[in-house]
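Please look through the sequence and the 3D structure shown here before reading on. The report below takes up a few parts of the model in turn.

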Amino acid sequence: MSKFFSSRLSSLEAYVPGEQPKDMAYIKLNTNESPFPPAPAVQRALTEDTVAKLRLYCDPEASRLKAALADSFATDASRIFVSNGSDDILNFAFLAFGEGGVAFPDISYGFYEVFARLHGISAEKIPLAEDFSITPKDYFAKGKMVCIANPNAPTGMALSLEEVEAIVKSNPDSVVLIDEAYVDFGGESCAALTKKYKNLLCVGTFSKSRSMAGARLGFAVADEALIADLERVKYSTNPYNVNSLTQLLGVLTLENQAYYTENCQRIIEARAYATKALEALGFSVLPSSANFIFAKSDRIGGEALYLALKARGVLVRHFEKPRIADYNRITVGTLADMQALVAAVKDILSQ
Ligand SMILES: *Cc1c(COP(=O)(O)O)cnc(C)c1O
């Protein structure tokens with residue numbers, strides 16, 4: 001830390017992204033990316049012409065992209081926000097709506113705590129139940145912003161739409177942010193509920209089910225007034241935060257929804273296979289509605305398994321944290337990826 005660094009930020013602990021080692025070719029099951037490439041039309045979009053247009057600034061209003069998203073959620077473009085990945089939206093939302101503090105589960109996406117610290121917002125971490133589920137009534141009438149990943153990470157467990165609605169309804173004077181990064185793998189989206197509740201901010205991403213993690217595109221659906229607040233923060237930060245290539249790829253992605261729906265189905269099938277195979281090997285696997293499973297072995301510790309898998313060319317994510325250190329979060333890839341994972345686990349357990 002230099003002597004110039006703001007003292008307000010001196011205790012900031014930055015988010016640590018999943019590792020991207022370059023020493024060998026890994027089966028990468030550690031950052032919940034899609035194993036499938038973008039749709040063919042998306043892959044073909046970057047023509048010389050398109051690239052030549054990079055000399056111009058991109059559309060700060062992202063009009064075509066917002067219109068396409070509005071279409072897909074059967075709503076108005078004034079109720080859509082887009083940004084440079086959904087992390088960017090979380091950042092803006094904490095800044096815009098977190099003044100009175102924020103409550104989120106003690107075991108959840110690590111960025112919530114980072115953004116709270118970054119903006120000097122007091123964070124209340126609400127413990128998950130013994131079975132790692134979220135107890136909705138713990139989030140009733142909080143009198144502060146509430147932030148929940150649904151399905152939650154790294155557990156993969158989901159709240160029903162009724163449970164989400166009960167939380168939103170009981171907090172009319174604070175924003176309830178529902179982070180739906182994994183919703184397309186078996187969760188229920190609250191996007192339509194934003195018409196009924198002015199305090200609900202539904203956040204989504206193109207990084208997981210839409211095979212575009214590297215392009216950085218996130219979106220939010222909410223009441224117009226909440227969207228206007230987010231726009232105000234965005235225009236005070238970087239009006240051009242979704243580049244023109246990403247805007248174009250986003251539109252084409254939405255035009256090819258059937259391709260992505262089919263990929264989600266394949267991942268759901270691979271998830272069922274991996275869950276069953278690991279359970280047969282003595283693992284406990286939490287019930288997942290996401291593109292990852294959270295699993296612990298009855299025979300080998302979490303870190304030992306993570307290291308042994310890595311040595312065999314399979315990367316998973318291990319969190320050395322209370323209550324979850326025995327577990328690993330394993331991204332669900334293709335069926336072949338999951339077969340390779342299970343073979344590596346069998347090999348490790350036979351040593
Ligand atoms: C992956 C993830 C995000 C971030 O997605 P980006 O759009 O790539 O920034 C947000 N929330 C959760 C819970 C995630 O797992």
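How do the residues of the shell around the ligand divide into nonpolar, polar and charged?

## The ligand and its shell

In this predicted model, the shell around the ligand is made up of three nonpolar, four polar and four charged residues. The residues around the ligand are Gly 85, Ser 86, Asp 87, Tyr 109, Asp 179, Ala 181, Tyr 182, Thr 205, Ser 207, Lys 208 and Arg 216.

For Ser 207, a polar side-chain atom lies 2.6 Å from an oxygen atom of the ligand. Of the 390 Å² of accessible area that the ligand has on its own, the protein covers 93%.

## Strand β2

Strand β2, which spans residues 80–83, is covered on both faces, with Ile 80 and Val 82 buried on one side and Phe 81 and Ser 83 buried on the other. This strand runs antiparallel to strand β8 (residues 218–222), and four bridges join the two; within this pairing, Ser 83 stands opposite Gly 218 of β8.

## Asn 328 in strand β12

Asn 328 belongs to strand β12, residues 327–331, and this residue counts as buried because its relative accessibility is 1%, where the cut-off for buried is under 20%.

A polar atom of the Asn 328 side chain lies 2.9 Å from the backbone oxygen of Gly 302. Leaving aside residues up to four places away in sequence, Asn 328 touches several others, among them Ile 293, Phe 294, Leu 305, Tyr 306 and His 318.

Terms used:
Residues numbered from 1 in each chain as written. Predicted model: local features only at pLDDT ≥ 70, side-chain atom pairs only at ≥ 80, totals over all residues. Heavy atoms only, no water. Buried < 20%, exposed > 50% of the residue type's maximum accessible area, 1.4 Å probe, protein only. Pairing = 2+ DSSP bridges. Near = heavy atom within 4 Å. Polar contact = N/O pair within 3.5 Å; in protein donor to acceptor, adjacent residues only side chain to side chain. Areas by Shrake-Rupley, 256 points an atom, 1.4 Å probe, with all protein chains shown as cover. Nonpolar A, V, L, I, M, F, W, Y, C, P; charged D, E, K, R; others polar. Contact = heavy atoms within 4.5 Å.
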